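Work through the exercises below with the model open. Try each task before reading its solution.

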Amino acid sequence: MSLFLQRMIEGLSNGAMYGVVAVSLVIIFKATTLINFAQGGLAMFGAYMANVFAIEQGLPLIVGILMGAAVMAVVASGIERVLIRPFDPSNHLPVVLITFGIAYILQAVAAWKFGTEFKSFPSPFPAGPNDHIEIAGARLRYERLGVVLVLVIMVGLVHLILNKTKIGLAFRAVSSNTESAKLVGVKTGRTLNFGWALAAMFGGVAGGLVAHFTQLDSGFMDKILIFSFAAATLGGLDSINGAVIGGLIIGLVESPIQPMVRDYVPGFHFLTSDLALLVAFLLILGVLLVKPAGLFGTTRVERV
Amino acid sequence: MSVLEMQDVRARYGQIEALHGISLTVEEGEVVVVLGANGAGKTTTLRAICGMVTTTGTVNLHGTNIVGSDTADIVRMGVAHVPQGRGTFPELSVVDNLNVGAYVRKDKEISADIDKWFEIFPRLAERRTQVAGSLSGGEQQMLAVARAMMSRPKVLLLDEPSLGLAPLIIDDLFKQFAQINAELGTTMLVVEQNANLALGIASRGYVIEAGEIVLSGTAEELRNDDGVRAAYLGV
Amino acid sequence: MIKMQRPWILGLGAVSLVVLGLSVIHLLNKETASYWPYLGILSILGLGGATAVAQRAGEPVLVVNEGSRAHRTWQTAGWGVFAFFVVATPYLLDSFRVQQVNKSMYYAVAVLGVNLIIGYSGLISLGHGAFMGVGAFMSVILVEDYGFKLWQVLFVIVPVAFVIGVIVGIPALRIKGLYLALVTFALSFAFPIILKIEGIDKRTGGDLGRNISLENQVQPGRLKGILGLNGLDAPAQEQIYKYWLMVLVVGICFLLVRNIIKSRAGRAIIAIKENQIGAAVSGVPLTTYKVITFGISAVFAAIGGWLYALLFSEANPNSFGPLLAIALLLALVLGGVYTLQGALVGSLLYVFLDDLRTRVTLTSVAGWRPSFFQIAEGSPLTQAVLGLALILIAFFAPGGVVSLARKVRTSLIRVVPAIPTADAVASSASADKAVSEPEVATTH
């Protein structure tokens with residue numbers, strides 16, 4: 001039982017990280033129907049920047065992470081203005097190329113500037129060997145609980161921004177009907193810019209948290225990005241709540257569900273953690289066959 | 001000075017020119033109608049005013065030429081456009097649609113205005129938290145008009161408001177237009193295929209065919225014109 | 001009749017083209033201290049300038065009638081140049097570059113498959129790396145464990161890949177657009193993992209992969225003399241022999257795809273992409289065609305995998321995962337999504353950009369030498385070049401390099417199609433041309 005609880009917190013905290021990155025993907029997708037393939041790279045670079053601010057400059061870690069994320073928000077804003085806005089939003093191909101290109105460039109620059117050796121990265125939460133709470137014999141480490149907490153806070157923030165602020169309203173309007181948004185006086189370019197910056201900010205914070213659990217190197221966000229895509233797909237690409245739930249589900253499949261199946265279900269002892277990924281994707285496939293737009297996504301009915 | 005004045009306006013979609021130099025005026029407080037068949041260029045006229053198509057020529061809003069301006073800026077200058085097909089925000093609630101309609105405003109009377117429009121359109125009040133996409137055609141049209149009026153525009157552009165609606169609803173709607181014009185003095189430019197209705201609330205009108213204005217006059221003159229009667233009034 | 005005006009533009013274009021070709025050839029040598037990069041950039045500017053002037057003038061420089069002697073000369077010259085490059089490459093370039101060309105070839109065949117799906121059917125699939133893996137591993141396993149000869153494996157690969165493609169295609173019917181892309185991407189992730197499962201890894205070699213043992217590998221045979229291989233050392237002989245084998249297979253595959261596209265089935269597929277509902281009401285059985293297209297595209301990807309096994313005599317599960325899926329997509333896009341030649345051009349571009357081992361030191365111009373060009377071998381910045389190329393392509397040539405080249409050509413040279421006579425209509429030569437090259441008509 002204690003093992004189960006522990007694994008569950010692990011799974012939830014992993015899921016929380018996938019969820020946060022998935023939310024940033026959904027933010028951009030909602031407004032533009034584009035997938036930002038550079039999201040992982042932005043998060044990765046944000047973590048490196050946090051490393052520079054916090055480790056090398058000696059600022060407190062949380063400040064470092066936030067500053068790193070803020071830097072990436074500025075970068076993303078620039079990217080949107082210069083590289084994305086010139087393109088007709090209904091033509092996906094050039095923008096896909098550009099986000100891919102940016103992802104490659106970010107990875108290359110990070111490897112070049114910061115070197116390719118792994119670094120370890122601290123957690124903003126107490127992460128010593130004794131920093132945990134005990135429930136029913138399970139050791140729930142602060143660092144993991146902290147991540148879940150951050151997820152809750154960030155999702156709350158997103159909902160707050162989108163539903164209670166003027167720019168959030170503008171953003172939802174642009175996502176819903178871009179042309180009509182112009183007709184009510186919304187500056188769509190600026191609103192999208194805000195969306196990109198917000199998404200990058202999220203990604204940057206996520207990167208700062210994830211880096212503690214893996215190592216800090218130029219590719220550490222790759223796996224997370226894949227899982228986040230999966231999470232967003234599962235939840236529905238235009239649903240923020242869906243992204244969160246999708247992330248949590250995938251995190252839970254990874255742990256504790258997969259180890260449990262491996263240990264307790266006869267015939268499944270070959271199920272490695274890699275295969276957990278496979279299971280997650282089969283799950284997504286199944287969901288999509290039944291609900292082609294994801295669990296919470298909206299299917300656009302097309303009139304013939 | 002007229003509220004709206006178009007001089008020799010040409011508009012094109014890509015390489016295809018849809019308006020071949022049209023000119024029209026709308027005076028303050030008027031309801032002016034533009035009649036025309038499908039494809040004649042009615043919608044393009046309104047889009048040209050809003051800067052949504054490539055336009056050359058002059059479009060004077062209160063004397064300022066707005067050709068080449070950004071749509072959002074034109075809206076800020078006091079133009080509201082209800083596009084063809086309503087243009088509501090399907091995922092947003094009714095009340096949010098109205099809120100976003102007031103996007104350009106910074107005053108404190110937005111709530112009061114929302115209440116006012118809910119009084120005028122009680123059907124919308126009943127559905128205030130529903131998403132706009134779930135409303136019927138008539139309700140969406142009401143919402144679109146209310147949304148446009150939320151910005152307290154000086155000029156209201158209506159693109160085929162009767163399209164796809166049941167006759168009773170259309171009657172209701174046009175009564176509302178007349179009332180808005182009478183009580184609030186909002187200048188209106190209405191583009192319609194349904195000449196009967198449109199001429200019923202308008203003071204003046206134009207007829208557009210194949211991207212050119214072919215006829216203009218008072219509503220009475222147009223109603224008595226043989227050509228108009230044959231083509232648009234089915235007489 | 002030929003009409004030519006402002007012949008100097010054409011001259012500029014021709015000279016630029018030649019200089020560009022020469023600079024590319026020079027830059028392919030690993031170490032060059034030279035002014036060729038400058039010439040290369042100048043030639044690109046020259047081509048761009050010629051195009052711009054021609055477009056500004058609104059008229060092409062040269063107007064030629066289709067089928068006229070001038071047109072035929074132009075076409076023959078074009079094929080001649082192409083043939084020259086095909087024949088000369090293995091003998092003129094160093095072995096590293098020849099290997100890159102070989103790699104491009106198996107990519108090209110796989111990309112043909114991906115193109116069928118994405119370009120001509122409008123379905124997005126990122127799973128074709130997995131189909132390649134199927135082809136590659138079937139080759140290794142059948143040769144090593146079941147005594148097949150490598151060429152015999154083809155007969156098994158084609159039907160098996162088709163069936164697998166069809167099976168994968170069925171769920172693809174229900175899932176649309178972006179979701180399909182993500183699911184197939186997931187497939188590309190899952191594939192290496194499945195191959196490494198305990199039990200299966202006996203056949204696939206697990207994490208280390210599996211080789212084709214020496215006696216089963218492809219060796220230069222009796223054609224050695226014809227191919228001019230005598231006198232070369234063994235590795236070079238093998239490499240060039242494989243080069244020619246691959247050229248043969250690639251050529252056949254391209255011909256096959258072209259015929260498929262031109263056929264009635266091909267037109268149905270394109271019709272489906274252009275307007276699904278219109279196609280349906282015209283009697284095209286949508287489901288069947290979409291699924292069959294998946295199957296056929298899988299076959300080509302699998303043949304690409306077979307070529308992979310031919311070239312490297314080994315297969316490793318890790319090579320056929322998401323990185324490959326992305327590479328195929330990029331190769332397709334770099335070349336041009338709706339074009340056939342794009343498969344080859346894009347593959348060449350991608351393979352070269354991916355491993356940019358050019359250390360070019362520019363001769364200094366008035367004492368100034370830009371340092372960025374010294375991208376050292378193995379530096380992570382080579383990836384940045386690929387990224388930059390993608391961005392440039394997005395801005396200047398989203399239809400791929402081939403569509404850009406076409407734009408340049410059509411602004412300089414216009415071919416007036418022959419007016420179809422009654423017989424010509426029956427053989428519908430021009431109509432097929434229109435069908436086989438559906439370029440996206442977007443105004444940028």
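**Exercise 1: α6 and α8 of chain A**

In this predicted model, helix α6 (residues 166-176) of chain A packs with helix α8 (residues 188-213) of chain A at an angle of about 105 degrees, their axes 9 Å apart. Work out how the two helices are oriented, and which residues meet.

Solution.
- Step 1: Angles of 65 to 115 degrees count as roughly perpendicular.
- Step 2: The angle is about 105 degrees, so α6(A) is roughly perpendicular to α8(A).
- Step 3: From α6(A), the residues are A:Ile167, A:Ala170, A:Phe171 and A:Val174. They meet A:Thr188, A:Thr191, A:Leu192, A:Phe194 and A:Gly195 in α8(A).
- Step 4: Sort this contact by class: six nonpolar, three polar and no charged residues.

**Exercise 2: α5 and α6 of chain A**

Describe how helix α5 (residues 142-164) of chain A crosses α6(A).

Solution.
- Step 1: The axes come within 5 Å and cross at roughly 80 degrees.
- Step 2: That angle makes α5(A) roughly perpendicular to α6(A).
- Step 3: A:Ile161, A:Leu162, A:Asn163 and A:Lys164 in α5(A) meet A:Gly168, A:Phe171 and A:Arg172 in α6(A).
- Step 4: The classes here are three nonpolar, two polar and two charged residues.

**Exercise 3: chain C against chain A**

Which helix supplies the largest share of the side of chain C that touches chain A?

Solution.
- Step 1: Count the contact: 32 residues from chain C, 34 residues from chain A.
- Step 2: On the chain C side, α6 (150-174), α7 (177-195) and α15 (381-396) each supply at least two residues.
- Step 3: α15(C) gives the largest share, 10 residues.
- Step 4: That side of chain C divides into 24 nonpolar, five polar and three charged residues.

Conventions: Residues numbered from 1 in each chain as written. Chains lettered and ligands numbered in written order. Predicted model: local features only at pLDDT ≥ 70, side-chain atom pairs only at ≥ 80, totals over all residues. Axes fitted to C-alpha atoms, helices over the stretch in contact; angles between N-to-C directions. Helix = DSSP H or I, 4+ residues; strand = E, 2+ residues; numbered from the N terminus. Parallel < 35°, antiparallel > 145°, perpendicular 65-115°, else oblique. Contact = placed C-beta atoms within 7 Å. Nonpolar A, V, L, I, M, F, W, Y, C, P; charged D, E, K, R; others polar.
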